[in-house]
Amino acid sequence: MRQWFLGIVLALVALPSALAGELLPDFLPLDKLPVSRADAQRLRELDARASGALGATSNWNDIKGWRLLGVRWAAALDDHGEILAIYDLSLSTAGPVGILRLGTVGGPGFTLSAVRDALAGQPERGAEKAVKKLSRLTREKLETNLLAPDWFKKIPWNAGALDRFGALGLLGAAGTLEAAPARFTLADVDYQEATVSPTLFRKCTSWLARYGIDFSRLAFQAREDGGYDMLLLPVEASSSAKAHPVLIADLRTLHAGFLQAVQRTILSGVLILAIGTIPIPVLSALISTAVGRYLTYTGDVLDLHREAAREMVSAAEEKTRRFSAFDPLTPEERRRTGVSLYLAQASIISIWNWVFRGAETAWRDTLKDDVGRAFDARRWLDGHHEAAELLNPRYGLTSDARGTRRLYLLAHTRLFQSWRPAVAIDYSAPMRPVYIRVAVETSSVIVSFASSFIPWVGGLVSTAFDLAVRNPVQYTKDWEARLSAHLEERQRTGGENWALELGWLARQRVNPLELSPEQSAELIARQKKDLGLPEQRQSYSNALE
């Protein structure tokens with residue numbers, strides 16, 4: 001491990017690269033990155049010194065063979081039979097199929113008062129501060145719909161859009177739009193007219209396009225209640241780009257996943273910069289909300305699938321080594337997989353820990369921390385007469401004095417509630433988390449949209465909402481993804497039936513870009529066939545249907 005660590009330090013300090021400068025765009029000021037100034041400066045230094053060294057990731061063309069790992073993973077092999085990377089067969093580079101709904105803007109309840117109510121009572125300091133600032137607004141300001149009835153008149157539409165609207169009889173005598181369009185995309189706007197710096201805006205959108213963010217695919221469809229559904233349109237089929245599974249852990253370049261996390265942070269900064277060139281609040285709100293939802297959901301999908309793989313590594317590192325698709329890996333392959341996944345999930349802020357401590361040490365510390373939290377959680381449950389029947393050290397089934405059954409995430413203790421573990425499934429009310437999370441995502445859209453209308457407090461409100469409301473939900477989803485992987489392995493190797501629980505956990509993800517269990521099974525089977533892997537179709541029958 002020490003030799004690998006020293007190699008990384010040397011790469012960060014000494015290695016020049018032809019790719020240097022490609023991580024951070026030269027037009028992006030550091031203060032636009034959604035991190036502290038110190039971390040932004042570190043990213044600038046990382047970009048200048050080591051983009052090439054960090055960028056030498058495993059290449060699809062280097063793969064010479066495959067080895068199946070459990071139900072949904074496959075190890076990519078080089079010409080010597082060594083593992084290059086681990087791919088997730090339940091994900092495809094083709095992305096989602098069909099038209100997907102990313103949320104709703106406008107309509108009943110799309111107000112600042114809804115934002116205030118979502119933050120009220122949250123324990124985070126930032127939430128309390130944001131609520132106080134929002135409460136200073138007038139009642140009229142709080143209750144006015146953020147999508148004004150004449151919003152469409154404030155946006156300069158391009159010639160193609162106006163021709164289309166004219167054919168529908170929506171233009172007035174002056175050739176301007178006089179009625180709200182039933183459907184439009186972000187590509188229908190005249191950005192030469194809408195932005196104070198068209199050149200800078202084009203640079204931003206070109207950078208976003210490099211990562212699949214296409215304004216023509218982000219559409220808005222009118223609803224009967226006066227709002228608009230935000231839609232992600234499918235990618236046009238391309239014969240030159242053949243889809244394949246998604247890389248989940250790179251064993252050749254362990255820090256490749258961290259680079260992806262950095263790129264996502266930079267994309268957020270580029271989006272912030274682009275929005276800043278638009279002096280039209282409703283247009284900046286539409287763009288930031290639609291693109292922001294897309295970035296959030298795509299990031300969440302990859303994060304949760306990585307968490308599932310982390311569970312397999314953790315299980316393989318235990319003494320019993322039961323219920324792990326990664327058990328066939330050698331100790332060195334498991335180590336490299338664990339470090340790769342750890343770095344992929346590390347935040348921009350925490351990453352500086354592993355530069356000085358070593359990534360393997362940091363990763364193994366998380367394994368110990370999981371055991372410690374789970375032990376304290378079991379002790380809490382024992383003290384409340386709810387002893388757990390362990391599935392493994394991190395998950396347990398209980399039944400209280402009233403006979404209510406719960407499936408606990410033992411290693412995930414809830415904030416501000418002692419050592420009480422989080423509940424993955426309450427069998428007496430299994431759909432409750434779905435309803436709560438739908439409300440959270442609905443509020444997330446309102447918060448994002450509202451930030452463009454309250455610039456003096458918008459950033460504070462958005463940050464407070466993420467810290468107090470959305471981030472805790474996402475942390476729970478991380479552990480639920482790990483639990484799902486464990487239950488899948490119990491079905492595969494133990495002959496147990498967890499279809500009911502897997503169906504509930506899938507619904508709790510509340511992400512339009514996630515496949516259903518049935519769709520996932522179909523994709524896995526199709527990609528196994530494409531790669532020449534043996535078919536071991538897992539039963540994902542959903543007992544909820």
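## Exercises on a predicted model

L409 stands opposite A422 in strand β12.

**Exercise 1. Find out which strands form the open sheet around β12, and which of them stand at the edges.**

Solution, step by step.

- Start with β11, residues 405-413, which is joined to β12 by five bridges. These two strands run antiparallel.
- Now widen the view: the open sheet has four strands, in the order β9-β10-β11-β12, and the pairing is antiparallel.
- Look at the ends of that order. β9 (389-392) and β12 (421-426) each have a single partner strand, so one side of each is left without a neighbour in the sheet.
- Finally, follow the twist, which averages 30 degrees from one strand to the next.

**Exercise 2. Work out which helix lies across β9, β10, β11 and β12, and at what angle to β11 it runs.**

Solution, step by step.

- Locate residues 359-383, which make up helix α13.
- Helix α13 lies across β9, β10 (395-399), β11 and β12.
- Compare directions: α13 runs at about 140 degrees to β11.

**Exercise 3. Describe how helices α10 and α11 cross, and which residues make the contact.**

Solution, step by step.

- Two packed helices are described by the angle between their axes and the distance between the axes.
- Take α10 (residues 281-317) and α11 (residues 331-345): their axes come within 10 Å and cross at roughly 145 degrees.
- The crossing of α10 past α11 is left-handed.
- On the α10 side, the contact is made by D303, R306, E307, A309, R310, V313, A316 and E317. On the α11 side, R334, T337, G338, L341, Y342, A344 and Q345 take part.
- Sort these contact residues by kind, and you get six nonpolar, three polar and six charged.

**Exercise 4. Follow helix α17 from its length to its buried residues and to what comes after the helix.**

Solution, step by step.

- Helix α17 covers residues 517-531, 15 residues in total. From first C-alpha to last, α17 reaches 21 Å, close to the 21 Å expected at 1.5 Å a residue.
- Counting as buried anything under 20% relative accessible area, you find P517, S520, A521, L523, I524, A525, Q527, K528 and L531 in α17.
- These buried residues pack against β1 (65-69), β3 (83-92), β8 (245-250) and α16 (499-507).
- After α17 comes G532, with a positive phi near 75 degrees.

Definitions and conventions:
Residues are numbered from 1 along each chain as its sequence is written. This is a predicted model: local features need pLDDT of at least 70, side-chain atom pairs count only at pLDDT 80 or more; totals for chains, interfaces and linings use all residues. Side-chain values use heavy atoms; hydrogens and water are left out. Two strands pair if DSSP finds at least two bridges between them. Axes are lines fitted to C-alpha atoms, for helices over the stretch in contact, and angles run from 0 to 180 degrees between N-to-C directions. Contact means heavy atoms within 4.5 Å. The expected span of a helix is 1.5 Å times one less than its number of residues. Buried means under 20% relative accessible area, exposed over 50%, partly exposed in between (1.4 Å probe, protein chains only). A crossing is left-handed if the near helix is turned anticlockwise from the far one by less than a right angle, and right-handed if clockwise. Ala, Val, Leu, Ile, Met, Phe, Trp, Tyr, Cys and Pro count as nonpolar, Asp, Glu, Lys and Arg as charged, and the others, Gly among them, as polar.
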